[in-house]
Amino acid sequence: MIQFLVAAPCSGSGKTTLTCALLAALKRRGLNPCSFKSGPDYIDPVFHRAVLGVESHNLDLFFSTPETVRTLYAQAAAGHGAAVCEGAMGFYDGLGGVSDTASAWHLADTLNLPVLLVVPPKGASLTLAAQIKGLRDFRTPSHLAGILLNDCAPQLYSLLAPMLERETGLPVLGYLPHLPDAAIESRHLGLKTAGEIVDLQQKIDKMADALVVDWDRLLAVTDKLGSGSLHQSPAVTASPKGEALACHTRIAIAKDEAFCFTYAETLEALEAAGAELCFFSPLHDTALPECIGGLYLPGGYPELYARQLSENRSMRTSVRRAVENGLPTVAECGGFLYLGQSLENTNGKRFPMAGVLQGRGFKVGRLVRFGYAALTAHADSMLFRAGEHLPVHEFHHWDSTDNGTGFTAAKSNGKQWDCGFANEHFYAGFPHLYWAGTALPRRFVDAAARYTQKEQTK
């Protein structure tokens, strides 16, 4: 089985572009590839899915133990002929920016994956060799197995490839030329989502057409693990003993242009706990789905659609009444903003939201409380037990006038703050939760089952 991780010296090197081009090319070669993303990023996996038509999974060593990560990887990669993982940030950049914990290198080391290093040869030539050699020697083993040049002219590639191989001892496996008509636009949270790019498939085809790879050499350095390296492991969604398994409880999941930040592993964990997922759109539907026992409002870009969300009064009313009636509800980041009194759009204009919470969402213009943190619960609630700790991630340019006091979030550098709202049927806050391998899916589904049973007996 072909397995490798795509990494780079720094952000902006073209990892997502190369990963998509490689996935498309592997698919054309009949290898039935699957994909993964190192770290908490929601956006890049959507591009992987646009290429392959199947879910891409996040693997994060801050959220999960090494064994959980290995199990998630084995479960998702089983049955595929190739597995490609896209790294995050710079190759060694991990927790707090000063540790290799949860870095792309840490993931490669945990899964024993060969690494293909993406390097854009802009403004340097021989110096590139020094940089690559430094990356190769920084940790042992580095897992670096080959080099791919991005945004590189054919003539420059012919010049650089033999020099880089001679100086670094690593094979240069190919390149992607400059493709201005295949560029993917960015904004405040990174790349635009795949669904917003109307000609995305044409761009992906152009990338795959233009990609130049020595496939014999690439396959030689990425097939070392062999197909036997993937073992079938137990599912990682089991709950603590003593909590009942609820069967086929309907949980409504917001999914549209405004609410698009969900981890595939979270949804799979909810299904494994007995949930029947029914998707709906706060933008386009007029009310919540019928006969539901739970509601999940994930993050996304509600600020870009504040007017449309506000104008959908019937949906706002449906959500508010359901939550006030005790419907088990989880709202993360963008979903949390949607439950507030109002939300500013990108121009600073304020629009009414669902009105469940007292806070008002406003634009800050920069990342707020960005990064990993540990969340500690102050009291028992639907999802948490008093004193429990859970790793979380924040990634937003908007804030609220009332972020809650149900939890304490703490960064590795000692910074901490109160946040979140929680009770026996509710969780809402800016922190993004990673559900796989935790008790959260079962607790949420059990709460939804109890609500459903109560409603059925009325």
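Modeller: A residue is called buried when its relative accessible area is under 20%. With that cut-off in hand, and bearing in mind that this is a predicted model, we can turn to the aromatic rings, of which the structure holds 23 pairs. One of these pairs is formed by Tyr263 and Tyr434, whose ring centres lie 5.2 Å apart and whose planes stand at 65°, so the arrangement is edge-to-face. Tyr263 belongs to the loop between strand 12 (259-261) and helix 9 (264-272), while Tyr434 belongs to the loop between strand 27 (432-433) and helix 13 (440-456), so their pairing ties together parts that are 171 residues apart in sequence. Tyr263 and Tyr434 are both buried.

Another pair is that of Phe336 and Phe430, with ring centres 5.1 Å apart and planes at 75°, so this pair is edge-to-face. Here too distant parts of the chain are linked, since Phe336 sits in helix 12 (residues 334-338) and Phe430 in the loop between strand 26 (426-429) and strand 27, 94 residues apart. Phe336 has a relative accessible area of 3% and is therefore buried, and Phe430, at 3% relative accessibility, counts as buried.

Returning to Tyr263 and Tyr434, we find them in one aromatic cluster together with Tyr42, Phe62, Phe63, Phe261, Tyr301 and Tyr372. Finally, a ring may also have a charge over it, as with Phe279, where the charged end of Lys255 sits 4.9 Å from the ring centre.

Definitions and conventions
Residues are numbered from 1 along each chain as its sequence is written. This is a predicted model: local features need pLDDT of at least 70, side-chain atom pairs count only at pLDDT 80 or more; totals for chains, interfaces and linings use all residues. Side-chain values use heavy atoms; hydrogens and water are left out. Rings of Phe, Tyr and Trp (its six-membered ring) pair if their centres lie within 6.5 Å; planes under 30 degrees apart count as stacked, over 60 as edge-to-face and the rest as tilted. Helices (H or I, at least four residues) and strands (E, at least two) are DSSP runs, numbered from the N terminus. Buried means under 20% relative accessible area, exposed over 50%, partly exposed in between (1.4 Å probe, protein chains only). A charge sits over a ring if NZ of Lys or CZ of Arg is within 6 Å of the ring centre and within 35 degrees of the ring normal.
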